[in-house]
Amino acid sequence: MTITSQFEIENKPAYALIRFSGFVDASTVLQARPVLQQQVPPATTNFVVDLAEADFLDSHGVGLFVTLLKRAHANRGHIIFAGASGQPLSVLQMVGFNGDQVQYFGSLEEAEKFLQETK
Amino acid sequence: MSAQQTTPPHPAPAPASSAFKELLTGVTYDDIPPLRARLADYLRGQGVEDAYAGMLMLSVTEVLTNLVKHPPAPAKHIEIRLRLQGKNALIDIADDSTAFADFDAKCKTAFARLDAAASLAEGGYGLGLIMKQHSQATYTPMEKSPDGLNHFRIRDARDAAVAKKNRLFLVDDDPIALKRHAEMLEDLYDIAAFLNPFDAVKAFDGGRPDLVVSDLNMPDMDGTGLRRALSELKGGNTTPFIFLSADHASEHADYISELGVDDFLTKPVARERLRNVVSRLIRRSLQVRQGLEGKFQQELTNTLKPALPDRYGGWRIALMTEAAEAGGGDFTLHQETPTHMMCVLADVMGHGEQAKFFSYAYAGYLRSLFRLQSQAGDPAQFLKALSKAIDGDAFLESVILTCQSFQLFPKGAIAIASAGHPAPLIVRADGAETVAVAGPLPVLASETGYALKTLQLDEGDKIIFATDGFLDAFDTQGRSVILKLAGSHAHETPQALAALLWQAYGENRKHLHAQDDATIIIAGYGGQL
């Protein structure tokens with residue numbers, strides 16, 4: 001169990017990549033939400049959330065992902081979870097984070113391949 | 001762009017002990033990650049498997065985050081205790097913040113909120129996650145706690161690490177496909193894999209699955225045959241069923257849709273596609289089951305609803321009652337005989353669906369006993385007969401019930417006996433007072449019996465019976481408030497007085513956290529109609 005939380009945002013041509021490592025909880029969301037608001041253009045269609053290095057997710061993290069899902073909904077895009085496993089994946093499953101606009105892939109590469117194919 | 005948040009280094013983990021204990025003086029979001037790390041160290045030291053440790057850390061996090069986020073008066077004192085008993089943990093988080101309101105009501109909707117993709121709600125998942133993960137979650141506000149602190153308690157009853165996982169049957173005559181699909185799902189579900197559909201049918205009764213995934217084309221018994229065979233077993237028809245087939249055209253065959261199959265997937269199926277469909281169907285099935293259970297609860301509530309005739313001889317009777325949606329259980333019984341009317345007001349203790357079910361079972365039992373006793377016996381004899389019947393009955397002994405039995409005679413006489421029930425009040429023209437009638441809970445008095453109190457009421461006098469749910473709304477001042485109110489309106493009819501007291505109850509019940517059934521009965525002799 002880590003006691004650090006780190007996130008990175010990268011705007012790519014076809015999607016915004018948000019990479020989390022360590023924990024994703026209320027304290028993370030408090031920092032990440034305004035940064036996302038500022039850094040990710042409103043017209044962004046697809047969001048790739050890389051959770052390969054995340055080891056803990058709570059309901060506040062889920063709330064942040066719902067914000068991204070709403071933006072994807074509005075722009076007819078997808079939210080894609082890459083590399084989610086263990087506790088974070090269990091939480092996403094428990095809250096019913098799925099549906100046509102939600103995709104899960106084992107790695108970032110697989111997620112990118114999916115986005116290229118659905119262009 | 002990146003941002004890094006690093007919490008202060010945490011102290012070295014305490015040596016493994018029987019319990020994890022932390023005392024915090026106030027808490028902020030930044031305090032939670034290091035506490036979670038200390039808890040992780042403790043759980044690892046105790047050999048708790050990762051999946052369960054993750055569940056416990058999530059629940060502790062959710063409770064603490066709530067304590068930071070919501071109470072108008074934040075917690076200054078927080079005690080966290082986690083004790084392991086075998087494979088199970090007992091968590092107790094005590095705090096001195098403003099108590100959560102309407103916890104029981106929130107629990108009822110918490111599960112339904114776990115549908116992020118459909119609701120698109122950006123919050124409100126915390127309590128549902130706690131309830132989904134654990135066998136029991138309870139909340140006791142500080143005013144009901146002996147130590148003056150709020151207590152959030154979580155308890156588990158796992159008999160194995162796989163407890164709480166939904167169970168899936170995978171059926172496929174191709175061992176490679178069966179293994180591949182099992183590997184796609186085994187981290188989330190308890191998998192039972194069958195190469196032969198007949199074995200799946202045999203195993204169904206012994207370990208009923210939450211969902212079946214079956215190949216369509218198999219020798220001897222194909223997928224449709226399996227679906228039909230399971231449909232004939234108890235619960236088989238309502239178990240979600242998914243077909244897997246390499247033949248995409250089969251999806252549209254009439255015989256498939258007639259079988260009531262929940263989904264059809266074409267082989268080869270992608271891991272995430274399979275996981276998404278299984279997750280969606282299990283959640284949908286759970287929602288349907290909860291909906292049906294809610295309807296059942298409502299029917300039980302309606303069946304138990306207390307009722308008495310509004311007059312008997314020279315008596316006028318008013319009854320006001322309110323049922324908690326799921327929990328407790330007040331009910332009445334009455335029977336008129338040539339000489340009197342015998343009545344019972346009973347209150348089965350507890351909250352939640354289980355208590356409602358116990359009330360229903362108890363009401364049925366009491367009704368039978370009551371029919372036998374009400375002709376010949378008096379209220380004390382009825383309660384003694386009840387105590388004797390309970391003595392040695394494991395089910396009845398496990399349920400806490402208070403009971404007031406009273407007998408109205410046409411010309412104003414009344415006989416009363418009480419088994420752990422709040423004492424009644426008598427209202428006369430010059431004021432109101434408590435009637436001294438008391439007795440032990442039914443389970444405690446099989447030999448000693450009960451005292452019988454008899455009174456003769458004058459014209460205009462009234463007697464008030466109330467259950468704990470009604471009195472609790474007035475907090476510790478309940479009895480004196482009611483005595484004062486009833487005494488100052490002694491001239492009112494039973495119906496008017498009941499309406500006044502009920503209005504006062506409605507105004508005071510707002511601060512109640514665990515809603516219970518509430519009932520008052522006012523029996524007035526003669527006087528103004």
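Helix 1 of chain B passes helix 2 of chain B in a right-handed crossing. This crossing belongs to a predicted model. Chain A of the model has 119 residues, and chain B has 529 residues.

**Helix 1 and helix 2 of chain B**

- Helix 1 covers residues 32–45 of chain B, and its axis lies 10 Å from that of helix 2 of chain B, at an angle of about 150°.
- An angle over 145 degrees counts as roughly antiparallel, and helix 1 and helix 2 of chain B are therefore described as roughly antiparallel to each other.
- Helix 1 of chain B brings B:Ile32, B:Arg36, B:Leu39, B:Ala40 and B:Leu43 to this contact.
- Helix 2 of chain B meets them with B:Ala53, B:Leu56, B:Met57, B:Val60, B:Thr61, B:Leu64 and B:Thr65.
- By class, the residues of the contact between helix 1 and helix 2 of chain B are nine nonpolar, two polar and one charged.

**Helix 2 and helix 5 of chain B**

- Helix 2 (residues 50–69) of chain B also packs with helix 5 (residues 126–133) of chain B, at an angle of about 150° and with the axes 10 Å apart.
- Helix 2 and helix 5 of chain B are therefore roughly antiparallel to each other.
- The crossing of helix 2 and helix 5 of chain B is left-handed, whereas that of helix 1 and helix 2 of chain B is right-handed.
- On the side of helix 2 of chain B, the residues in this contact are B:Met55, B:Leu58, B:Ser59, B:Glu62, B:Thr65 and B:Asn66.
- On the side of helix 5 of chain B, they are B:Gly126, B:Leu129, B:Ile130 and B:Gln133.
- The contact of helix 2 with helix 5 of chain B contains four nonpolar, five polar and one charged residues.

**Nonpolar cores**

- The largest nonpolar core has 84 residues, and A:Phe47 and B:Leu56 touch the most other members of it.
- Helix 2 of chain B supplies the largest share of this core, ten residues.
- Beyond its neighbours within four places in sequence, B:Leu56 is in contact with B:Leu43, B:Leu82, B:Ala89 and B:Ile91.
- Another core, of 58 residues, lies apart from the largest one and includes B:Val348, B:Phe358, B:Ala417 and B:Ala498.

**The two chains**

- Chain A contains four helices and five strands.
- From the N terminus on, the order of the elements of chain A is β-β-α-β-α-β-α-β-α.
- In chain A, 57% of the residues count as buried.
- Of the contacts in chain A with a separation of 6 or more, 74% are between residues 24 or more positions apart.
- Chain B contains 16 helices and 22 strands.
- In chain B, 41% of the residues are buried.
- Of the contacts in chain B between residues at least 6 apart in sequence, 65% join residues at least 24 apart.

**The contact between chain A and chain B**

- Chain A gives 42 residues to the contact, and chain B gives 41 residues.
- On the side of chain A, the elements that give two or more residues are strand 1 (4–11), helix 1 (26–39), helix 2 (59–74), helix 3 (86–94) and strand 5 (102–105).
- Helix 2 of chain A provides the largest share of this side, eight residues.
- The residues on the side of chain A that touches chain B are 19 nonpolar, 19 polar and four charged.

**Individual residues**

- Most residues other than glycine have a negative phi, and most peptide bonds are trans.
- A:Arg76 has a positive phi, near 55°, and lies in the loop between helix 2 and strand 4 (79–82) of chain A.
- A:Arg76 counts as exposed because 9 other C-beta atoms lie within 10 Å, and the cut-off for an exposed residue is 12 or fewer.
- B:Asp220 also has a positive phi, about 70°, and is found in the loop between strand 9 (211–215) and helix 8 (223–231) of chain B.
- B:Asp220 is exposed, with 9 other C-beta atoms within 10 Å.
- The peptide bond from B:Lys267 to B:Pro268 is cis, with omega near -5°.
- B:Pro268 is placed in the loop between strand 11 (263–266) and helix 10 (271–304) of chain B.
- B:Gly469, in helix 14 (residues 468–472) of chain B, counts as buried because it has 26 C-beta neighbours inside 10 Å.
- B:Gly469 and B:Asp347 are 122 residues apart along the chain, and their C-alpha atoms are separated by 8.9 Å.

Terms used. Residues are numbered from 1 along each chain as its sequence is written. Chains are lettered from A and ligands numbered from 1 in the order in which they are written. This is a predicted model: local features need pLDDT of at least 70, side-chain atom pairs count only at pLDDT 80 or more; totals for chains, interfaces and linings use all residues. A residue is buried if 20 or more other C-beta atoms lie within 10 Å of its own, exposed if 12 or fewer, and partly exposed in between; C-beta atoms are placed from the backbone. Two residues are in contact if their C-beta atoms, placed from the backbone, lie within 7 Å. Ala, Val, Leu, Ile, Met, Phe, Trp, Tyr, Cys and Pro count as nonpolar, Asp, Glu, Lys and Arg as charged, and the others, Gly among them, as polar. Axes are lines fitted to C-alpha atoms, for helices over the stretch in contact, and angles run from 0 to 180 degrees between N-to-C directions. Angles under 35 degrees count as roughly parallel, over 145 as roughly antiparallel, 65 to 115 as roughly perpendicular and the rest as oblique. A crossing is left-handed if the near helix is turned anticlockwise from the far one by less than a right angle, and right-handed if clockwise. A nonpolar core is a set of buried Ala, Val, Leu, Ile, Met, Phe, Trp, Tyr and Cys residues joined through C-beta atoms within 7 Å.
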